[in-house]
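Me: I have not seen this structure before. Please show me how to read its features one at a time.

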Amino acid sequence: MAKLKEEKSIYPVSGMHCAACAGKVESVLNSLDGVKEAVANFASREASVEYDPDVITPEQMRDAVQRYGYTLHIEMSEEELDRMREAEMRKVKRNVTFSAVLTAVILIVSFAFHHGGTAVNVLLWCLATPVVVIGGRQFYVNAWQRLRQGSSDMDTLVALSSGIAYLFSVFNTLFPEVWLRHGLMPHVYFDAAACIITFILIGRMMEERAKQRTAVSIKNLIGLQPKSTIVVLPDGTQVEKSISDITIGDILLARPGEKIAVDGIAVDGESHVDQSMMTGEPMPVAVRKGAKVFAGTVNGEGSFTYRAQSVGSSTMLSRIIALVKEAQGSKPPIQRIVDKVASVFVPVIISLSVVTLLLWLFFAKDNGVTYGILSAITV
């Protein structure tokens with residue numbers, strides 16, 4: 001039996017907002033023919049996919065994930081990815097600032113005019129509407145997309161809780177007599193709707209900052225490799241070439257203070273090389289003819305030439321970067337348990353919320369509807 005041809009790739013994924021989202025992306029990819037194993041990591045916002053390229057293509061995987069509201073970026077450079085994530089961070093910051101300011105005003109008005117009244121309720125309605133419509137738009141859009149696919153995530157909970165609180169308050173503002181006829185006070189919860197959205201947005205902003213920090217180690221490692229180096233031709237002339245143009249066997253020049261371009265063996269000259277990024281040893285290592293040198297390490301005061309032995313993805317530095325990426329994209333056993341819990345978390349919480357509402361409706365003697373809805377929102 002012929003062995004399957006397998007490739008393993010790591011793709012950035014956008015649109016994941018919780019562990020349940022990562023679980024959905026993972027299950028979608030694993031359900032595709034040709035995919036041997038897929039692991040989606042919410043923290044690193046990436047999906048590691050091992051697949052048979054003769055059976056399935058990255059484009060087909062992207063289209064499958066896209067149907068569920070997520071985006072698998074199969075042809076995006078690091079620079080484009082950084083720009084996209086920076087734009088997302090700026091958007092989150094704007095939403096947080098906008099929502100936090102209005103929510104603060106809502107809380108002040110709510111505490112200052114605790115007993116409310118039609119005029120105060122209308123004012124709170126006007127202040128809460130931009131928070132719900134603009135600040136919370138992403139939650140409602142994402143929840144609707146998940147609903148169309150028959151799934152749910154944390155955005156579903158946020159959309160339900162803030163949306164019900166807002167609509168219930170709008171109803172009580174416009175039709176207070178419905179409750180007054182039954183001897184109930186038409187309370188409004190615009191402050192609750194605004195606070196839910198603002199607090200979740202603050203959490204998202206902190207989350208985005210944490211995610212950005214997870215990529216710093218890789219960026220630092222990538223920054224260790226120079227973009228170009230000096231190649232010594234057979235006739236002795238020196239030509240500057242891009243790292244991508246270096247081939248095995250080329251003779252390269254390491255000048256004082258420069259970073260070693262690729263892995264190789266010294267052929268002429270002497271120096272000391274700082275290899276602390278590779279070994280952790282702070283003392284520079286003496287380099288003479290026959291000594292090995294590694295990409296990303298820093299040459300000292302001397303200069304020497306060396307023959308390229310490993311280039312591109314074969315260098316020690318490139319392998320370290322690949323291992324770090326793979327580690328960030330993998331999951332420890334405890335996270336797999338968390339993902340299993342997250343997959344049923346949202347349906348369970350919604351069920352508990354409905355049960356809470358029904359218990360209030362059946363067993364509360366006074367204000368059962370009001371307290372039932374408020375309790376359901378709280379759950």
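Reply: Start with cysteines: a disulfide is a pair of cysteine sulfur atoms within 2.5 Å. Keep in mind that this is a predicted model.

Me: By this rule, how many disulfides does the count come to?

Reply: The count comes to zero disulfides. Cys 126 is in no disulfide, and its nearest cysteine sulfur, that of Cys 195, is 18 Å away. Cys 195 is likewise in no disulfide, since the nearest cysteine sulfur must lie within 2.5 Å and that of Cys 126 is 18 Å away.

Me: Is Cys 195 buried or exposed?

Reply: Buried means under 20% relative accessible area. Cys 195 has 13%, so Cys 195 is buried.

Me: What should I look for in a salt bridge?

Reply: Side chains of opposite charge can pair when their charged atoms come close. The rule here asks for a side-chain nitrogen of Lys or Arg within 4 Å of a carboxyl oxygen of Asp or Glu. By this rule the model has six salt bridges.

Me: Which side chain meets that of Lys 36 in a salt bridge?

Reply: That of Glu 50, at 3.9 Å from N to O. Lys 36 lies in strand S2 (residues 35-41) and Glu 50 in strand S3 (residues 46-51), so the pair ties together parts that are 14 residues apart in sequence. Lys 36 counts as exposed because its relative accessibility is 55%, whereas Glu 50 counts as buried at 18%.

Me: With which residue does Glu 270 form a salt bridge?

Reply: With Arg 288, the closest N and O atoms being 3.9 Å apart. Glu 270 is in strand S8 (residues 263-274) and Arg 288 in the loop between S9 and strand S10 (292-293), so this pair ties together parts that are 18 residues apart in sequence. Glu 270 counts as exposed, at 53% relative accessibility. Arg 288 counts as partly exposed, at 47%.

Me: How far apart are N and O in the salt bridge of Arg 255 and Glu 258?

Reply: The distance is 2.7 Å. Arg 255 counts as partly exposed at 36% relative accessibility, and Glu 258 is partly exposed with a relative accessible area of 24%.

Me: How do I read a nonpolar core?

Reply: In soluble globular proteins, nonpolar side chains tend to be buried together. In this model the largest nonpolar core has 30 residues, and those with the most contacts inside it are Ile 106, Leu 124, Tyr 166, Phe 190 and Ile 197.

Me: Which elements give two or more residues to this core?

Reply: They are H3, helix H4 (118-135), helix H6 (154-174), helix H8 (190-214) and helix H13 (368-378). Apart from this core lies another, of 25 residues, among them Val 28, Tyr 51, Ile 56 and Leu 72.

Me: What does Phe 190 touch, not counting residues up to four places away in sequence?

Reply: Phe 190 touches Ile 106, Asn 121, Leu 124, Trp 125, Ala 128, Tyr 166, Ser 169, Val 170 and Thr 173.

Me: Where does Gln 225 lie?

Reply: Gln 225 lies in the loop between helix H9 (216-223) and strand S5 (228-232). At 21% relative accessibility, Gln 225 counts as partly exposed. With neighbours within four places in sequence left aside, Gln 225 is in contact with Ile 243, Ala 261, Thr 315 and Leu 317.

Me: Which residues make the nonpolar surface patch?

Reply: Val 354, Val 355, Leu 358, Leu 359, Leu 361, Phe 362, Phe 363 and Val 369 make this patch of about 770 Å². Its largest share, seven residues, comes from helix H12 (residues 333-363). Phe 362 lies in helix H12 and counts as exposed at 65% relative accessibility.

Me: How far is the C-alpha atom of Gln 225 from that of Leu 361?

Reply: These C-alpha atoms are separated by 66 Å, and the two residues are 136 residues apart along the chain. For another such pair, take Pro 282 and Gly 368: they are 86 residues apart along the chain, with their C-alpha atoms separated by 70 Å. The place of Pro 282 is in the loop between helix H10 (276-279) and strand S9 (285-287).

How values were computed:
Residues numbered from 1 in each chain as written. Predicted model: local features only at pLDDT ≥ 70, side-chain atom pairs only at ≥ 80, totals over all residues. Heavy atoms only, no water. Patch = residues over 30% accessible without salt bridge, like charges linked within 9 Å, V, L, I, M, F, W, Y side chains within 5 Å. Areas by Shrake-Rupley, 256 points an atom, 1.4 Å probe, with all protein chains shown as cover. Helix = DSSP H or I, 4+ residues; strand = E, 2+ residues; numbered from the N terminus. Buried < 20%, exposed > 50% of the residue type's maximum accessible area, 1.4 Å probe, protein only. Core = buried A, V, L, I, M, F, W, Y, C linked by side-chain atoms within 4.5 Å. Contact = heavy atoms within 4.5 Å.
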